[in-house]
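The following exercises concern a single protein chain. Please examine the sequence and the structure before reading the solutions.

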Amino acid sequence: MRMITFLLVGLIVHVVFFLSIFDIYFTSPLVHGMTPQTTPLAPPSSRLVLVVADGLRADSFFTLLPNGSSRAPYLRSVIEEKGTWGVSHTRVPTESRPGHVALIAGFYEDVSAVAKGWKENPVEFDSVFNETRHTWCWGSPDILPMFAKGASGDHVYTHTYPAEEEDFASTDASRLDTWVFTQVKSFFQSAKSNASLRVNLLKDENVFFLHLLGIDTNGHAHRPMSREYLDNIGLVDTGVAELVSMVEDFFGHDGRTAYVFTSDHGMTNWGSHGAGHPSETLTPLVVWGAGVHNARKATGPQPYSDGFLQDWKLEHLRRVDVNQADIAPLMASLIGVPFPLNSVGVLPLLYLNNSEHFKAESMYTNAIQVLEQYKIKMTQKKETTLPFLFTPFELLTESKQSQFINKARILIQLEKYDDAIALCRSLIAHALEGLAYYHTYDRFFLGCSVVLGFVGWTSYVVLVILKTHANLNRNPSVLKQIPGHALVRLSLCVTVVITVFLLIQRSPVTYYVYCLLPVPLWYSVLKESGILTDLIRSAPSLPLWKCFGYFVLVSFGIELLVVSFFHRAMLTLGLAVLSLWPFLSGLFGKAKFRSLSWCLGCLCLAAFPLMPVVGREPNIHLVTFAGVLSLFTSACYLWSSRPRTTMHLSDRQQFVSQMLHVAVCAYVPSLTHSSLQQKQGLPLLNQIISWSTLASSMLVPLLSSTRLFQRLLSIFLSLTATYLLLSTGSEALFPPVLAWLMFVWINIEQEAMLAQGVSGRQELSTIDFSANIDITKIRQLKLDDIRRSYFFVFFIITAFFGTGNIASINSFDPASVYCFLTVFNPFLMGGLMMWKVVIPFIIVMCTFETIQVATQLSSRSLFLIVLVISDLMALHFFFLVQDYGSWLDIGTSISHYVIVMSMTIFLMLLSVVTHILTSKRLSLWRHKKHFP
């Protein structure tokens, strides 16, 4: 199989494996076709005001000032006198979109919505707003339109400011909240003279929603401990007090308005959110007004051991914590609208100030609404599974459902409300458990198919390595063997059986791909089985103990890399062990200076995994120092290489201009940081420099000479310039240190070649990337090439986790992209952060390309070993994926698999990019060329 064909097949196989995890774990849990459920009794409220202070932490809101006063005095008085309060526990990912979906629709967002920047859901869903008579919304253009779009009819009205207003560099983002309160005041003023609007407002089942983004924006820009963030809380408190007064005056103090004040997510001390730290998942909840209990004294010890009651000086008042999705059924119950059809929230009865009969009926409605979803899910699965293969959820079979419902109705009729409520809670718990059961029903079956495919692909790659790149004793009779027709017939029979089985079950199209893919893979493995005979025949001539030693070391190394995904400090341990390689292999005696440089480089790089991924305070001086360090090392190389390499004038001019460019890029972050601190916004010149640097970063190296070290230096300077613009602190030092170690690695591999006795070694300074490879000099694989491949995978993982991981993209610090833009744009900001992660990858990939050329190996042979190592890691993570424990544990285990699979696919594509980056040259002007 030709290399291009092999790469394409490999790419398709890995894309299928990658996508399989989304079908197995990331499918939408939502179902449709349920009947809306409403409490039959009259609701206590006619209207509800929902205020969401985006990004407000529970501790920032509840904690008193040193003088004993509150930064939110009005809402504090509500807590102490006329409302019920608690902590709302959000779920990962703690982003604005999923938080609002949980609050207003009552379910936790599909993870697949991340592909739409958490702005638009891939699946339509029901919400409290959809069930109301009218809903008026004011706030961010990122949040409001999704609820209007999902609403049936034309009864959700949105009023938003321009997206450009969400600027992290603005003088004060609290103006976003001032805009909302001003618009609401104008709205109620206009209603006094607008008869039709007034009629609509006086009807029941209305909701007013205020989305306040100022606190979140100030937190991102200035951190949650800043004066701007804390003052914004006071501004919101004042705004809420004025809002309540205005609403009560408009409706004549009729006592029919309920109020809910909460937040969608919190924020870390360093101004980010998205992960599962308590500062991100704990948000305040204050509910008061019609149908809500007044402040109630705590009569005994409260069931909370987190110490917050004492810290917030609220131990004398009853605290009622909820899950974020529970707020949706609470709002629906207060104004008497149907519970959102997809809600998984459980009504928090302790907030309701109503009769026991009303509470029992509300809880019964909640239970039936969740049970409706369970019934639809069960029916769907039953219809698409062969009867003898269908295993029902034992705790909630059709007969048990009827028993639960009948018993609950009888208890309510007998006025045994407490028993009815307890039974309904039990029914909800079983229904939610059953929903998860049917949602994951096919998981084991699909998992087995993917594992079969994985093992088949990895086995085939190993056989290809043995066949084409290893010196085995070939048996001519085996070589001439043609696979029998029996193998083809067997494969066709298996394909037909699987297809018929899936057709009968009416399985989705993707199931056919996952189940049929292993067939051609295992056909290819069995077709090449003669290679195993050759391997057994060659065994007596192989150094078996050495082979076994390499196998043990690589197995240990792969396990170390797997553990490093959970504990980044393992990379530090790994680098410390790698630093000893020249001493253990005997290279120290032949190349002392290079060995010591390798040891020092590994130890310097080992410091980076120990640094915090997020939570660093910006240190722009380190960014400037990193620029100076890059210039110093580049200048040292150019000076030291003068005797060995003659450089063309145009190349010399390019290096000088690139170094000047790096100097400018080292200064731009400092200038930007200073301008933003003085609240003068992002300077236009800095923005132009940043974007032009990014745009040219992959083109400028193509103008330099294709001589080995000259091209590598040009790539390093070009990528470093971009990396400096995306840095805020110590991570800016990572590329210079990594590049130094990669430079030493290239040199020390030459010494390792000499130690192995490989003949025809070429001087590094004379190697040209663009020169045609002499096929006669390409050698077969040796055991030491397994070490080279492992080093590459290790450095790739280090490049990924050295200064960042998936959390630094999910919970990234927006300050990293301030040289490029300050207006919130999740895709653009995420793309820039992803490019920052990719830059160290490219440095390692270019080094690997160099080593393949310098050690006289075909690019395919080493890459195949890398493929086997990364696939073994991916298979390991596939088994580690879990569907139990906390949402964060589940999400993390899936993320690890996705990272490794993405890395494998990405390396395939990046190998092509780096080949072009190292070997191709663009000429902007014609000159007489003396040197390539």
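Two exercises with worked solutions follow.

The model is predicted: local features need pLDDT of at least 70, side-chain atom pairs count only at pLDDT 80 or more, and totals for chains, interfaces and linings use all residues. Residues are numbered from 1 along each chain as its sequence is written, and side-chain values use heavy atoms, without hydrogens and water.

**Exercise 1.** Describe how helix α24 packs against helix α32.

Step 1. Helix α24 covers residues 569-578 and helix α32 covers residues 784-801; helices are DSSP runs of H or I with at least four residues, numbered from the N terminus.

Step 2. The two axes come within 11 Å and cross at roughly 140 degrees. Axes are lines fitted to C-alpha atoms over the stretch in contact, with angles from 0 to 180 degrees between N-to-C directions.

Step 3. On the α24 side, L571, G574, L575 and L578 make the contact, and on the α32 side F791, F794, F795, I797, T798 and F801. Contact means heavy atoms within 4.5 Å.

**Exercise 2.** Determine whether G86 is buried or exposed, and state what surrounds G86.

Step 1. G86 belongs to strand β2, residues 83-89; a strand is a DSSP run of E with at least two residues.

Step 2. The relative accessible area of G86 is 0%, so G86 is buried (under 20%; exposed is over 50%, with a 1.4 Å probe and protein chains only).

Step 3. Beyond neighbours within four places in sequence, G86 is in contact with F62, T283, P284, L285, R319, V320, D321 and Y351.

Step 4. G86 and Y351 are 265 residues apart in sequence, while their C-alpha atoms are 9.7 Å apart in space.
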